[in-house]
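Dear colleague,

Please find below the sequence and the structure that I am handing over to you. My notes on what was found follow directly after.

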Amino acid sequence: VREAVPRRPSKTRIVVLGESNSGKTALVNAIAGAQVLTPSPVAHTAHPTVVAHAARPFLAAETSDRKRVRLASLDDAPDDVRRLHVWVREPALQTLTVIDTPALGVTDEDTDARIPAACRTADLAIWCTPAMQAWKASEVRMWNLLPRRVRARGILAVTFADLISEADLDRLMARLHRDAGPLFRQIVPASACADFVRRSMASL
Amino acid sequence: LLDQDSERHELIGLRLEEARVRLLALVERLGGLLGDHAMPLLDAADKQLMERSCRIAVIGQIKAGKSTFINALAQRPGFLPTDINPWTAVVTALHFRNSPTRPEHAAMFHLFSADEWKELAEGGGRLRELTERLVPGFQPDLLRAQVDVMRKRAEARLGAKFGELLGQCHQFETVTPELLADYVSAGDDRAYAANGRRLYSDITRSADIYINDGPFAYPVTLIDTPGTNDPFLVRDEITRRSLENPDIYVFVISALQPLSAADIYMLRLLNGLHKDRIVVFINRTDQLPNPAIDAPAIKSAVEKRLRLEFPALDIPVVCGSAWLGSMKLQPSGAAQGVPPPLGKAPLPFPGTDVTRIGPMHVSSGMREIAAVITKLMASSSIAMLLRQITVCLAELVRSAEVTDRAELQSIRELLEARRHEWATRQAAMTEEQRSLVAFEQRANQLEESFAGIKTHFNDLITSATHILHSRLCTIVRDFAEGEAVTMLDILRRDPKQRSWRADVLPLREQMQAAYLASFEQAASDFARVEQFLYPQLKVIVSSLLPDYRGNLLEVPAWSPGARPSIAPLTDKVAVDLGSTWWRQWFAARRDLDERAEHLRHLIESDFLRIAGELVQEAESQLKQRVDYILHRINAISMGLKTGIARRRANLDREYGLLDGPHDDQRLARFEHEQAERAQECMRRQEACSAALRELSYVLDVLDASPAESRLLQ
């Protein structure tokens with residue numbers, strides 16, 4: 001498996017974070033430029049999932065002892081998964097790798113240790129906050145629990161922004177700039193996030 | 001599509017209201033029938049029936065759609081202001097009364113007193129106190145910054161002299177959405193500067209709105225809360241404190257993020273408080289990508305999670321969209337009549353904005369939630385109270401009826417005896433005299449034992465609260481000790497630990513269990529004393545009327561739901577604070593033993609205070625019960641005594657007749673008077689029977705238990 005997929009650490013790595021059902025998977029798809037993962041209104045992403053480019057589509061699970069097993073479907077993942085790997089042939093992914101993460105804060109405050117691990121090598125950390133219930137106290141707390149160097153590369157993405165009117169979005173953005181501005185490099189609606197990521201890649 | 005009728009639910013709590021109205025009328029009627037001795041009991045019942053509304057708190061995280069939900073349920077679209085940003089800043093109580101007279105004030109806003117404001121604005125109130133205790137000297141910058149913002153904002157909005165407003169109460173004759181926005185919404189200064197209105201929400205402590213007609217048959221107080229999980233910590237704190245003793249909780253969650261960790265945490269707190277009183281409303285289903293498929297999936301996922309978290313409970317879950325419910329209620333032609341909520345885009349009516357008409361076939365869930373609330377009300381403490389009043393009145397009426405029967409019988413016997421010769425008549429009178437003396441003796445004995453029983457009850461309360469207090473304190477100390485030892489143990493084994501967090505939920509559960517058990521114990525001690533009293537009353541009744549076969553004077557059973565409040569247990573304490581604080585706390589102390597000692601101290605100081613509050617609550621509850629028991633027994637025994645007094649008067653008149661001159665005119669007048677008294681007895685008896693029939697009907701309406709119905713057979 002290792003030979004089949006060459007690692008290219010030079011690619012920009014983007015990790016997508018957020019509470020449950022905050023639109024992380026949809027954002028990963030938007031950045032990847034295709035419906036790579038299936039978003040669901042109920043089920044959560046169970047494992048950190050690395051989406052990267054490869055000539056041949058390929059699914060694998062990486063166990064906690066760093067062994068990789070090939071998978072027929074993401075639902076077949078074994079118990080002891082460190083992260084899942086999805087290789088797809090998407091032009092948008094030629095220069096970047098996106099990591100989807102399980103929801104933070106499912107249990108009261110104990111963070112899944114795999115999430116900070118997934119963040120470690122990330123060049124950008126995107127926090128997804130849904131427009132209808134944006135930037136709650138629990139999100140502030142969760143974000144502040146992440147390592148400082150991850151937070152230094154933070155972008156706040158407002159997901160589901162299409163569900164509210166433009167005027168409302170303006171007022172929401174004003175509040176977010178006021179309340180969360182100091183904690184992020186940038187605050188953008190998720191729809192603009194993929195473009196923003198590509199544009200800012202040059203500066204990374 | 002905009003079918004309004006489908007959104008109009010049946011009036012909520014219709015049956016309870018029928019029972020309440022009938023009971024009120026009965027209380028009025030019985031005042032004349034039962035006499036002065038029953039007045040304390042009747043007055044208490046009247047007060048309860050007039051003033052006790054069903055409190056329904058609408059709670060949930062910020063932006064779950066609580067205000068929109070209330071607007072839809074109350075069938076007043078656009079009434080409470082809503083917005084895209086957290087908007088409700090003040091706990092708002094909507095009092096619904098279906099009274100024919102207009103309420104005196106339509107709205108009343110209490111502003112913070114100078115002291116309250118000072119406490120809040122100079123440090124963030126209780127939250128700072130908690131933080132200080134956990135990490136002395138550590139001031140959370142965020143909290144300080146927010147409190148600063150609040151103070152400056154109040155000054156900017158209300159002028160430098162806003163301090164003069166503190167402590168005021170503002171009343172208004174009419175309510176408009178604009179007025180509500182001025183007092184309860186967080187506000188948007190850009191919008192406000194333009195229209196020249198003043199925003200009071202920063203200094204408003206509570207808002208009360210009085211509404212004369214609504215979707216509720218039974219008097220209801222709907223409570224809108226600012227929402228938990230608010231990054232504005234001061235507001236979060238206000239919400240938590242506002243959740244005092246509602247009868248029903250509607251827990252609103254968003255379908256887009258159903259049942260997050262924060263929701264579960266809050267439900268856990270509530271669960272301890274109010275089993276079977278929660279309904280979950282999954283709001284915003286109209287915003288799901290595919291409502292027809294997603295909504296049922298989310299509903300079953302939520303139900304599954306609830307069963308997992310709370311296996312003992314059956315929490316009803318309703319899916320819907322408050323936004324849709326509000327919208328469907330607006331007659332399309334009269335849309336202009338209702339001003340659009342501040343800041344929110346106008347509702348899409350045909351011809352304006354049809355982008356969201358798509359999910360219109362989604363149910364708003366309003367009819368369903370109305371039905372669930374009606375059902376919960378029927379088993380709530382309100383229904384319990386109505387039953388208690390009914391049963392209590394039934395007993396009073398029964399004993400009055402028995403007294404009247406006995407009087408009627410004695411009048412008849414005496415009149416009958418007069419037709420016989422002197423010796424028979426003399427014998428009948430002596431017999432009546434003898435039995436009256438016996439009753440009086442028994443009644444006097446009973447009255448004497450009352451004094452003793454009062455003292456006995458007071459002793460019981462003292463010892464019960466004492467035991468409760470020492471039990472709770474032991475639990476707290478043991479738990480604190482245990483936590484400290486566990487922490488020491490783990491830190492010694494793993495010196496790399498960087499933080500620690502004590503989970504006090506088990507402590508809350510233990511305290512709750514001990515508290516309720518002690519309370520039950522005290523209550524059953526009371527019941528034993530009552531059981532001792534009732535047979536004595538029964539002896540008097542049965543000697544009054546030996547052939548009486550009806551059910552009378554059953555020892556009243558206290559409904560298991562009539563429990564004391566355990567609200568103090570939900571108080572936020574220092575150890576409930578988030579992990580950031582815990583890390584600070586951990587870092588502030590190097591020495592292991594010092595940490596353990598401080599942890600023990602933290603848990604003890606907060607929970608011993610809570611234990612004290614619980615004991616006070618139990619004490620006042622037990623006192624109320626004793627008052628009720630004494631009122632009740634007093635009313636019955638006084639009823640019997642007045643019956644005896646009337647018979648005594650009869651007999652005295654008979655003796656008077658015997659001693660005085662024997663002329664036929666006097667005799668005829670006497671017999672006429674006695675016949676009138678007999679008539680009066682019969683009239684009263686008839687009224688009693690009618691009242692009993694009415695009470696029996698009320699119990700039917702309330703779906704009485706078999707034990708309760710038996711009283712009226």
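**Salt bridges**

Helix α18 of chain B holds both B:Glu619 and B:Lys623, which sit 4 residues apart, about one turn of the helix. Please bear in mind that this is a predicted model. These two residues form a salt bridge, with 3.5 Å between the closest N and O atoms. B:Glu619 is partly exposed at 28% relative accessible area, and B:Lys623 is likewise partly exposed, at 41%.

Through shared partners, salt bridges link B:Asp404, B:Glu407, B:Arg646, B:Glu680, B:Arg683 and B:Arg684 in one network.

In chain A, the side chains of A:Asp179 and A:Arg178 meet in a salt bridge at 3.1 Å, N to O. A:Asp179 is partly exposed, with 33% relative accessible area, while A:Arg178 is exposed, with 59%. Over all chains, the structure holds 38 salt bridges.

**Nonpolar cores**

The largest nonpolar core has 147 residues, and those touching the most other members are B:Phe69, B:Ile203, B:Leu222, B:Val250, B:Ile369, B:Met511 and B:Phe607. Helix α18 (residues 592–659) of chain B supplies the largest share of this core, with 19 residues. Beyond its neighbours within four places in sequence, B:Leu222 is in contact with residues including B:Ile56, B:Leu73, B:Phe96 and B:Phe216. Another core, of 58 residues, lies apart from the largest one; among its members are A:Ile115, A:Met173, B:Ile223 and B:Leu306.

**Elements of chain A**

Strands β8 (residues 154–159) and β9 (residues 186–189) of chain A pair in the parallel sense over 4 bridges. The chain passes from β8(A) to β9(A) by way of helix α5 (residues 166–179) of chain A, in a right-handed β-α-β crossover. Within the pair of strands, A:Ala157 stands opposite A:Val188.

Helix α1 (residues 24–32) of chain A is mostly covered, with 7 of its 9 residues buried. After α1(A) comes A:Gly33, with a positive phi near 80°.

**Cysteines**

The count of disulfides over all chains is 0. Among the cysteines, B:Cys169 counts as partly exposed at 33% relative accessibility, and B:Cys319 counts as buried at 14%.

With kind regards

Conventions:
Residues are numbered from 1 along each chain as its sequence is written. Chains are lettered from A and ligands numbered from 1 in the order in which they are written. This is a predicted model: local features need pLDDT of at least 70, side-chain atom pairs count only at pLDDT 80 or more; totals for chains, interfaces and linings use all residues. Side-chain values use heavy atoms; hydrogens and water are left out. A disulfide is a pair of cysteine sulfur atoms within 2.5 Å. Buried means under 20% relative accessible area, exposed over 50%, partly exposed in between (1.4 Å probe, protein chains only). Two strands pair if DSSP finds at least two bridges between them. Helices (H or I, at least four residues) and strands (E, at least two) are DSSP runs, numbered from the N terminus. A crossover is right-handed if, with the strands pointing away from the viewer, the path from the first strand over the helix to the second runs clockwise. A nonpolar core is a set of buried Ala, Val, Leu, Ile, Met, Phe, Trp, Tyr and Cys residues joined through side-chain atoms within 4.5 Å. Contact means heavy atoms within 4.5 Å. A salt bridge is a side-chain nitrogen of Lys or Arg within 4 Å of a carboxyl oxygen of Asp or Glu.
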